[in-house]
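Dear colleague,

I am passing on the structure below, and would be glad if you could look through it alongside the notes that follow.

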Amino acid sequence: MKYSVKMRASKNNDKENLHIGGAESIVDEEDLLNIINSLASRGLNHSRGQADFVNIKINKVREEDIINIRALKTKTIEVDTKEEGLVVMEKLLNSMGIENPQRVIDLLINTKNMRGAIILNILSLERMEGDLDKGVRVTNMDFASRRDISNKNHFKEALCLATKTLNAKAIIGEVCISDDPDYVTGYLANKKEYIRITKLKERGDLNGGRVFLYDPRLDTIENTIDYLENQLVIVHE
Ligand code: PML
Ligand code: MG
């Protein structure tokens, strides 16, 4: 028997509810209580601040509803400054045939306090999420191998998310900058590769987020969002 466990942490700032962080796992029954413990302590001690609210959700899942996929290949491009990093990202977007890479980058660097990702239609350049404040949160995925998840592993968790996301028929790319103030490495993913870029923002900056590049010729937005939010995926390295 397997369970999906999801944690989401937020804090109250005047009238606003600020997103602090989230994490999740798909685990066997015997690991369930340990995982709940690890996720709760992660929510309570986060680099984006102390939580006022931690929500933990547990769902039983059916093994036959899970699909298994292989992790994207990874590589790293070293840069010294965020300006250099953003130029690398622009060139990579260009080489993928994105006609307006600056629009993608502008959206990404101005993103803050979103629980989920932006989905950008690459033909019309419109945003496709129903709720523009929250975006679309990719959930229901994990690695096949067990890890210690009491501390965040930015790289591994992002690789898991990007692998699931790029497996959606109509998502042809993803760009990401962490919203954690002490983490400046970001990435661009395409159908084959997850390319890390070692500096995309200044340390201390709370901005950050994800933009998914959606090609409407390949699938409907309803199917795409349903897959991203609900399909159970286990990623094998
Ligand atoms: C996040 O904070 O959720 C994004 C993490 C990006 C990780 C990039 C990397 O190290 O490859
Ligand atoms: Mg985050």
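Predicted model: local features only at pLDDT ≥ 70, side-chain atom pairs only at ≥ 80, totals over all residues.

Asn 121 itself belongs to strand 6 and is buried, its relative accessible area being 7%. If neighbours within four places in sequence are left aside, the residues in contact with Asn 121 are Glu 126, Met 128, Tyr 214 and Pro 216.

Leu 125 is found in the loop between strand 6 and strand 7, the latter covering 141–143. Its phi is near 60 degrees, a positive value in a residue that is not glycine, and with 25% relative accessibility Leu 125 counts as partly exposed. A second residue of this kind is Asn 113, which is not a glycine either and has a positive phi of about 55 degrees. Asn 113 sits in the loop between helix 3 and strand 6, where it is partly exposed, with a relative accessible area of 22%. As background to both cases, most residues other than glycine have a negative phi.

**The surroundings of ligand 1**

Which residues surround ligand 1? The shell is made up of Lys 152, His 154, Phe 155, Ala 158, Cys 176, Ser 178, Tyr 183, Thr 185, Tyr 187, Tyr 194, Arg 196 and Arg 210. Sorted by class, these comprise 6 nonpolar, 3 polar and 3 charged residues. Helix 4 (154–166) and strand 10 (193–197) each contribute at least two residues to the shell, and helix 4 provides the largest share of it, with 3 residues.

A polar side-chain atom of Lys 152 lies 3.1 Å from an oxygen atom of ligand 1. On its own, ligand 1 has 340 Å² of accessible area, and the protein covers 94% of that area.

Ser 178 deserves a separate look. Its place is in the loop between strand 8 and strand 9 (186–190), and at 10% relative accessibility Ser 178 counts as buried. Not counting residues up to four places away in sequence, Ser 178 touches His 154, Tyr 183, Lys 201, Asn 207 and Gly 208.

Helix 3 spans residues 101–109, and its buried residues are Pro 101, Val 104, Ile 105, Leu 107 and Leu 108. Viewed down the axis of helix 3, these buried residues fall within an arc of 160 degrees, so they line one face of the helix. They pack against helix 2 (82–95), strand 6 (118–121), strand 8 (171–177) and strand 11 (209–214).

In helix 5, which runs over residues 221–230, the buried residues are Ile 221, Thr 224, Ile 225, Tyr 227 and Leu 228. Seen down the axis of helix 5, its buried residues also lie within an arc of 160 degrees, and they therefore line one face of the helix. Their packing partners are strand 4 (66–70), strand 6, helix 4, strand 8, strand 11 and strand 12 (232–236).

**Val 5 in strand 1**

Is Val 5 buried or exposed? Val 5, whose place is in strand 1 (residues 2–13), is buried, with a relative accessible area of 0%. Apart from its neighbours within four places in sequence, Val 5 is in contact with a set of residues that includes Ala 23, Val 27, Leu 32, Ile 35, Leu 39 and Ile 58. Val 5 and Arg 42 stand 37 residues apart in sequence, while the separation in space between their C-alpha atoms is 13 Å.

With kind regards

Definitions and conventions:
Residues numbered from 1 in each chain as written. Chains lettered and ligands numbered in written order. Heavy atoms only, no water. Near = heavy atom within 4 Å. Polar contact = N/O pair within 3.5 Å; in protein donor to acceptor, adjacent residues only side chain to side chain. Areas by Shrake-Rupley, 256 points an atom, 1.4 Å probe, with all protein chains shown as cover. Helix = DSSP H or I, 4+ residues; strand = E, 2+ residues; numbered from the N terminus. Nonpolar A, V, L, I, M, F, W, Y, C, P; charged D, E, K, R; others polar. Buried < 20%, exposed > 50% of the residue type's maximum accessible area, 1.4 Å probe, protein only. Arc of directions from axis to C-beta. Contact = heavy atoms within 4.5 Å.
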